[in-house]
Amino acid sequence: MAVLTVPAAEDDLGTLAPPRTRVEKAHPAWLSVPLRVLLPALIVAAWWIGSATGALSPQVLAGPPKVWSAFTELLGSGQLLDFAVASFTRAAFGVGLGVGVGLLLGLIAGLSSLGEELVDSTMQIVRAVPFLALVPLFIAWFGIDELYKVALIAVATIAPMYAYTYLGVRNVDRKVVEAARGFGLSGARLVLEVILPSALPGILMALRVCLSISITGLIAAEQVGTTKGVGYLVTLAQEYNRTDYMVLCVVLYAVLGLIFDAVVRLAERYAMPWRRQVAIR
């Protein structure tokens, strides 16, 4: 009768290797900016080549030289600075109002079951109604002055800030809250020193979303009853069929979005420095 022999466990496993220390291989800091502008630069290069070779018709899409000429023309007349400042001011006031109200309502609903019952159903209605559908109603209520524009942008940003704040507060680890209460924190100190910092990633993400949505609200608001702003420049470009002005307005909105994103990134860098250690590479 044959006998099966089983090799020793030590022979199968061999000798255990010592654990390897993970070494961060971060790219140099000076390389960050070139990497961020690489893809936009490639898009601009393809746009330039398409315009220069005639693949893109000037009636469909103006080339970079014409857009640059339109930029220098408006900059020299001083209109570009006035329009940009007017649009930025409207967006800033609207976002400030909408984010403030959304943050407050999100905290009320997230911290209290009674607050959720009172606030959440109304905010779900606001979230479900497209804010662009409110344009005629807001014009009837507020006229076509600055109040209408600020109110439209504010309404567009309330719902995202509310939703992210509510989720951020509800996702705070209950053990952390109980530990803070054990050390004597309660009331406003508990909210300001424990709950809000724990919910800060969601709140900053909400701010990023709100700033993006505010540009859409700004475009809609500046189409009516204004003589200053990038939206007014879009209206003029449509009336006179100036594709160079149209593309310039798109670039201006993109620059405004980059400014907003840079503000949020700066806030994240100082408010949550530990997040830079999360990326694997």
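T157 lies in helix α7, which spans residues 146–170. The model is a predicted one: local features need pLDDT of at least 70, side-chain atom pairs count only at pLDDT 80 or more, and totals for chains, interfaces and linings use all residues. Residues are numbered from 1 along each chain as its sequence is written, and side-chain values use heavy atoms, with hydrogens and water left out.

**A residue in α7**

Is T157 buried or exposed? T157 is buried, because its relative accessible area is 0%. Here buried means under 20% relative accessible area, exposed means over 50%, and partly exposed lies in between (1.4 Å probe, protein chains only). Which residues does T157 touch? Leaving out residues up to four places away in sequence, they are G94, V95, G98, V99, C210 and S214. Contact means heavy atoms within 4.5 Å.

**The overall fold**

The protein has eleven helices and zero strands. Helices are DSSP runs of H or I with at least four residues, strands are runs of E with at least two, and both are numbered from the N terminus. From the N terminus on, the elements read α-α-α-α-α-α-α-α-α-α-α. Of the 281 residues, 33% are buried. Take the contacts between residues at least 6 apart in sequence: 72% of them join residues at least 24 apart.

**Partners of α9**

Helix α9 covers residues 187–221. Axes are lines fitted to C-alpha atoms, for helices over the stretch in contact, and angles run from 0 to 180 degrees between N-to-C directions.

| Pair | Axes | Angle |
|---|---|---|
| α4 (residues 79–111) and α9 | within 9 Å | roughly 140 degrees |
| α7 and α9 | 8 Å apart | about 155 degrees |
| α8 (residues 174–182) and α9 | within 10 Å | roughly 140 degrees |

Angles under 35 degrees count as roughly parallel, over 145 as roughly antiparallel, 65 to 115 as roughly perpendicular, and the rest as oblique.

Start with α7. The angle makes α7 and α9 roughly antiparallel to each other. Their crossing is right-handed. A crossing is right-handed if the near helix is turned clockwise from the far one by less than a right angle, and left-handed if anticlockwise. The contact of α7 with α9 has 20 nonpolar, six polar and one charged residues. Ala, Val, Leu, Ile, Met, Phe, Trp, Tyr, Cys and Pro count as nonpolar, Asp, Glu, Lys and Arg as charged, and the others, Gly among them, as polar.

Next comes α4. The axes of α4 and α9 cross at roughly 140 degrees. That makes α4 oblique to α9. α4 passes α9 in a right-handed crossing. On the α4 side, the contact is made by S87, R90, A91, V95, V99, L103, L107 and L111. On the α9 side stand V191, I195, L196, I203, L207, C210, L211, S214 and L218. The residues of this α4 and α9 contact divide into 14 nonpolar, two polar and one charged.

Then α8. Its axis and that of α9 cross at roughly 140 degrees. That makes α8 oblique to α9. The crossing of α8 and α9 is right-handed. V176, V177, A180 and R181 of α8 meet L190, V194 and I195 of α9. By class, this contact of α8 with α9 has six nonpolar, no polar and one charged residues.

**A residue in α9**

L204 sits in helix α9. L204 counts as buried, because its relative accessibility is 8%. Setting aside neighbours within four places in sequence, L204 is in contact with V264, A267, E268 and M272. L204 and M161 are 43 residues apart in sequence, and their C-alpha atoms are 9.1 Å apart in space.

**Annotated spans**

An unreviewed UniProt entry carries the annotation "transmembrane region" for residues 29–49, 91–113, 125–144, 150–169, 190–220 and 245–267. UniProt positions are given in the numbering used here, feature names are shortened, and annotations may be inferred rather than shown by experiment. Residues 91–113 are 96% helix and 0% strand, with end C-alpha atoms 33 Å apart. Residues 125–144 are 60% helix and 0% strand, with end C-alpha atoms 25 Å apart.
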